[in-house]
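Subject: A structure for you to explore

Hi there,

Here is the structure I promised to pass on. Please open it beside this email, and then read on for what turned up in it.

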Amino acid sequence: MSPTPPAGYTVRPATPADVDGARAVMLDTFYKEFGYGYVPRWHRDVTDIGGTYLDDPRHVLLVAVHDGEVVATTGVHSRGPAHPPHPRWLAERYPSGTTAQLVRVYVRPEHRRRGLGRTLVDAARDFVARTPGYDCLYLHTNVRVEGAEAFWRSTAKEIFDARTTGEHGPGVATVHFEIPL
C-alpha cells in the first residue's frame, strides 16, 4: 500500500524532467542547511542523478511535487556505508549489494511539518521491500539539522552514534540507523 501524501502534494519516482528540481533541493540543503556545500566524495550522485537513480531498477529517487515544483527528495541505492570515513565494522555489517541505503531525505523548509518526510521514507521502505536482493534499509544523518534526530528516532533504530568519533570532521554530528522493513 502506497503512503498517502499530504493534500496538494504528489509523491512519485522521479522522471528526467524532475532532475534539475531535485538537484536544486539537494544543493540548497548542502549549502544552506549543512553549511559545507557540495563535497564530491560524498555527493557524486547529485551530479549524476539519472545514472545513479533513474537507470538502475534497484535504485530510486522519489520526489514530492507541489504546484509543479520539486520540494522534497528521497533516494535509495544499493551501496552500503563506505570505510573510511565510517568504521570498518559498520561497512561490513551493511555490505553493498544487499544493503539498501536511504539517502537525500530533504524537504524544503517552507514545506516541512506536513508529513512529506515520513511519506517519502514510507514510500522508500515500500520500494526496498518490493525489490529483490535487499536485506535491510540503512541510513546515516547529520543530527545537527533541526528536527533530524527526533524524526529518525521515531522511524528507525539507532545502530551507532558517531558524534564522539567525529568521522566526518567538525560540524557534522553523524548517527547511523536501520529502518525495519
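One term comes up again and again: a residue is called buried when its relative accessible area is under 20%, exposed when it is over 50%, and partly exposed in between (1.4 Å probe, protein chains only). Helices (H or I, at least four residues) and strands (E, at least two) are DSSP runs, numbered from the N terminus.

Before the details, please keep in mind that this is a predicted model, where local features need pLDDT of at least 70, side-chain atom pairs count only at pLDDT 80 or more, and totals for chains, interfaces and linings use all residues. Residues are numbered from 1 along each chain as its sequence is written, and side-chain values use heavy atoms, with hydrogens and water left out.

**The whole chain**

There are six helices and seven strands, and their order along the sequence is β-α-α-α-β-β-α-β-α-β-α-β-β. For 181 residues, a compact globule would have a radius of gyration near 16 Å, and the chain agrees with that at 15 Å. (This radius is taken over C-alpha atoms, and the globule rule is 2.2 Å times the number of residues to the power 0.38.) Of the 181 residues, 49% count as buried.

**Helix 5**

The buried residues of helix 5 are Leu116, Gly117, Thr119, Leu120, Val121, Ala123, Ala124, Arg125, Phe127 and Val128. Helix 5 covers residues 116-130, and at 1.5 Å a residue its 15 residues should span 21 Å; the end C-alpha atoms are 21 Å apart, which agrees. The expected span is 1.5 Å times one less than the number of residues.

**Helix 1**

Not counting residues up to four places away in sequence, arginine 23 touches Val46, Thr47 and Ile49, where contact means heavy atoms within 4.5 Å. Just after helix 1, glycine 35 has a positive phi of about 80 degrees.

**Leucine 139**

Leucine 139 sits in strand 5 (residues 136-142). With a relative accessible area of 2%, leucine 139 is buried. Leaving aside neighbours within four places in sequence, its contacts are Leu102, Trp152, Val175, His176, Phe177 and Ile179. Leucine 139 and isoleucine 179 are 40 residues apart along the chain, yet their C-alpha atoms are separated by 8.0 Å.

**Backbone details to look up**

One runs from histidine 83 to proline 84, with omega near -15 degrees, and another from proline 84 to proline 85, with omega near 15 degrees. Proline 84 is in the loop between strand 3 and helix 4 (88-93).

Where does aspartate 67, which has a positive phi although it is not a glycine, lie in the chain? Aspartate 67 is in the loop between strand 2 and strand 3, and its phi is about 50 degrees. With a relative accessible area of 72%, aspartate 67 is exposed. Arginine 104, in strand 4, has a positive phi too, near 55 degrees, but arginine 104 counts as buried at 11% relative accessibility.

Enjoy exploring!
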